[in-house]
Structure formats: structure tokens, C-alpha cells
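Q: Hey, I'm new to this one. Can you walk me through the structure shown here?

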Amino acid sequence: MKPTITEYHNRRRKRLLKHQENRVLIKDLPKYSYLPGLPLVFLSTILLLLPSLLPLPLNLALSLTTSSLASLWQLQILHDQCHSLLLPPTLNNRATKLLMTALGSVSWYGYNTYLQLGHISHHNIGGSVSHRSSFEDAVDYLPDGDVLFGSHRAIIKGDKAKVGIGMNGWFREGKTGWNAMLYAASFSFERIFLGLNDVVTAVCRRNFFFPNSSPILRKSMVSISTVGVVVRLALVKLLGWKVLLSLYIAELSWCIPPNPLAGCFLNNHSTQPVPSTSSCVPTKSYRTSSPLYSLLTLNTNHHKEHHDFPNVPFHMLHIIKKMKGYDDDEDDEVGNGGISKIE
């Protein structure tokens, strides 16, 4: 039986750590990212809010450039917080978690729901969850967050949920222009809908996309949505309606071509076919010849490295690929395609 995404990376990690020099390298890496992470998360907040203070043409220009970059930074730093890699345990308390949730709410919809409720499960059980169960299981967490938000960049295998959005059935092989237009349109619609659904969840005290959610999951979703809505209402009161426009464009634009930042997002679990087999390498990194791309994306493009060693903070991920035997994939048993189970 072919391994799931999680099993694939567990096997790779075990193989790599057989080398003494690799074990030493991992042991000597910094354990937390607060030195670069905390200044950058506050800088990203400033860059996200700055366009709303400017006339509309400048607002749009900055939202598509510096604010777009800041939205990606926000994701990567909150991602380290999710993995308990941003702050040491003595500082990672309830107050700092609330602060990070509030900073993450300086967004149109943001990344709090996915990161806090569905990202760790993506690492723990990724590749073994169907589309239906991701929406409909009565559990205390989102079974695999990437299944919920991956329908624009990967074919979700498994049965279809009764609720959920996605346009995968409309994509056509070889129709690059059509597929790009469809992807951009569906992603744009999804972001609008998710932002509105945040308001519905906060007001109605439940997320209707998860009809069977446990009381714990329901409470968590409502809490995250409420913080988000309160923060955004305060921003509109202080800065006017343009703040929502700039936050929407910033959050959207880095995920859509021709923005070069989209490469690290679209590539993560796009699957790399293995010749003469029906299998694939389920996770990839987006490597370029220049270190500038990794610097601008805060190493978000090193996605395979992150799945191999999820306990390594973001600013050290580029070191992982220097491990002995890191790219020797021929000894790895390749995994299932897509980001969910094959039926």
C-alpha cells in the first residue's frame, strides 16, 4: 500500500536522520523564530494597513505589492506560532496567543482558522482524509485543513462533501489560459465568501459549513471569527472602508499568477508524477537560482523541507536542503497523489 503524505515524510525523516551529521545539524539549529518573527509580524501589520491611508490609486498599487508580500509574511509567522516555534514556552501563553490571533485578524479573512484548527492535523494525518469527512466529521478539529482550501490547486480525491465550494470539475487539461482564469475567479470568489462567512459565524454562533462539528470545534470557530470581525470593524471605524479593500487585494494577489509569490503556494502539494508509475512525490519545494525569492517569501517556498522537519522554524528551513542525501528521492517510497486519500 502506498504511503500517505504523512507517512511519506516520516520515512524521509527517518532515512535522513540515520546520518550522524544530519542529526548534529538539526540539534544545532535555533529552536524558535522570535528574533526575526516578532519584528516582521509588526512590520507586516503596518504594511497591510498603510494603503488605507492613501488615495485609491496608491492604495491599489501598494495592496498589490508591499501589502501582498506582508500578507504572505503574516501567514508564515503565524504558521510558526501554530507549530509553537515562534516563542519559547515561557512566553507562549494565552495572552500572546490572543495577541497573535488579533494581529492575524488584520486581514480580509486571514489564516487563523486554518492554522489554529486544521494545519497540525494536515501534518499528522495528511493524505488519509476524504473531502467529505473534512467537512462533515464530528471531531474537535479540522481533519485536514489543506483539503478544505486546496480545491483550486489540486484534484481532491475521495467523495464529495455535501457542503463546500470548489471548481475542480471545470478545469481542462492543456487549457492553460482557461484554467488560470478559472483558478483566479474561483479563488477570488472563495475569499469574498469566506470573509462574509466569518461575519455569519460570529453572529449566528456557528459555521454552517460544518453541520456536525463538535461543541469544541464550534466554539473555536466562533471565537476566531468573533475576534476577526471585531478587529475589522475597529479598523473600518479608524481607517474607513478602504482598509477592507486593501486587505482583500493583499490577501488575494500573492496567491494568483502572474504574481511570482504564487509559485510557492501553487507548488506545495501539486504532486510530481513518477515515470512509469501511478504514484507521485506528494510535496515539493519551489527552488530558484536566487536566494532573494526565499528571502522575500520567508522560506515559504521550502515546503518539502518543512514537511520533513516541521519542528524547524521558518528562518532555518533553507538549511535543511543541505543535509546529506536530502535529494536522494530514489530510496523513498513515493506516496499517493493529491492531498486526500485515493478511493
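This is a predicted model: local features need pLDDT of at least 70, side-chain atom pairs count only at pLDDT 80 or more; totals for chains, interfaces and linings use all residues.

Q: Which residues lie nearest its centre?

A: Those are Thr 101, Gln 116, Ser 220, Ser 223 and Ile 224, out of 19 residues that line the second largest pocket. Helix 6 (94-104), helix 7 (112-125) and helix 11 are the elements that give two or more residues to that lining.

Q: And which helix gives the most to the lining?

A: Helix 7, with seven residues.

Q: What's the lining like by class?

A: In the second largest pocket, eight lining residues are nonpolar, seven are polar and four are charged.

Q: Let's zoom out. How many helices and strands does the protein chain have?

A: There are 16 helices and two strands. The chain has 343 residues, and 55% of them are buried.

Q: Why does Arg 232 count as buried?

A: Buried means under 20% relative accessible area, and Arg 232 counts as buried because its relative accessibility is 9%.

Q: What does its side chain reach?

A: The side chain of Arg 232 gets to the backbone oxygen of Tyr 109, at 3.0 Å. Leaving out residues up to four places away in sequence, Arg 232 also touches others, including Ser 105, Trp 108, Asp 198 and Leu 244.

Q: New topic: Gln 81. Buried or exposed?

A: Gln 81 is buried, at a relative accessible area of 11%. You'll find Gln 81 in helix 5 (residues 66-82). Not counting residues up to four places away in sequence, Gln 81 touches Leu 86, Leu 87, Asn 92, Lys 97 and Met 100.

Q: And Ile 320, where is that found?

A: Ile 320 sits in helix 16 (residues 317-320), and Ile 320 is buried with a relative accessible area of 0%. Beyond its neighbours within four places in sequence, its contacts include Ile 26, Leu 29, Phe 309 and Tyr 326.

Q: How about the loops? Which peptide bond is cis?

A: The one from Pro 257 to Pro 258, where omega is near 10°. Pro 258 is in the loop between helix 12 (242-253) and helix 13 (262-266).

Q: What's phi of Leu 298?

A: Near 55°, a positive value in a residue other than glycine. Leu 298 lies in the loop between helix 14 (291-296) and helix 15 (303-308), and Leu 298 is buried at 9% relative accessibility.

Q: And for Asn 299, what's phi there?

A: Phi of Asn 299 is near 65°, which is positive, and the residue is not glycine. Asn 299 is in the loop between helix 14 and helix 15, and Asn 299 is buried at a relative accessible area of 6%.

Note on methods: Residues are numbered from 1 along each chain as its sequence is written. Side-chain values use heavy atoms; hydrogens and water are left out. Buried means under 20% relative accessible area, exposed over 50%, partly exposed in between (1.4 Å probe, protein chains only). A polar contact is a pair of N or O atoms within 3.5 Å; within protein, one must be able to donate a hydrogen and the other to accept it, and residues adjacent in sequence count only if both atoms are side-chain atoms. Contact means heavy atoms within 4.5 Å. On a 1 Å grid over the protein atoms alone, a cavity is a set of points where a 1.4 Å probe fits but cannot get out, and a pocket is an open set with protein on both sides within 12 Å along at least five of seven lines; lining residues have an atom within 4 Å of a point. Helices (H or I, at least four residues) and strands (E, at least two) are DSSP runs, numbered from the N terminus. Ala, Val, Leu, Ile, Met, Phe, Trp, Tyr, Cys and Pro count as nonpolar, Asp, Glu, Lys and Arg as charged, and the others, Gly among them, as polar.
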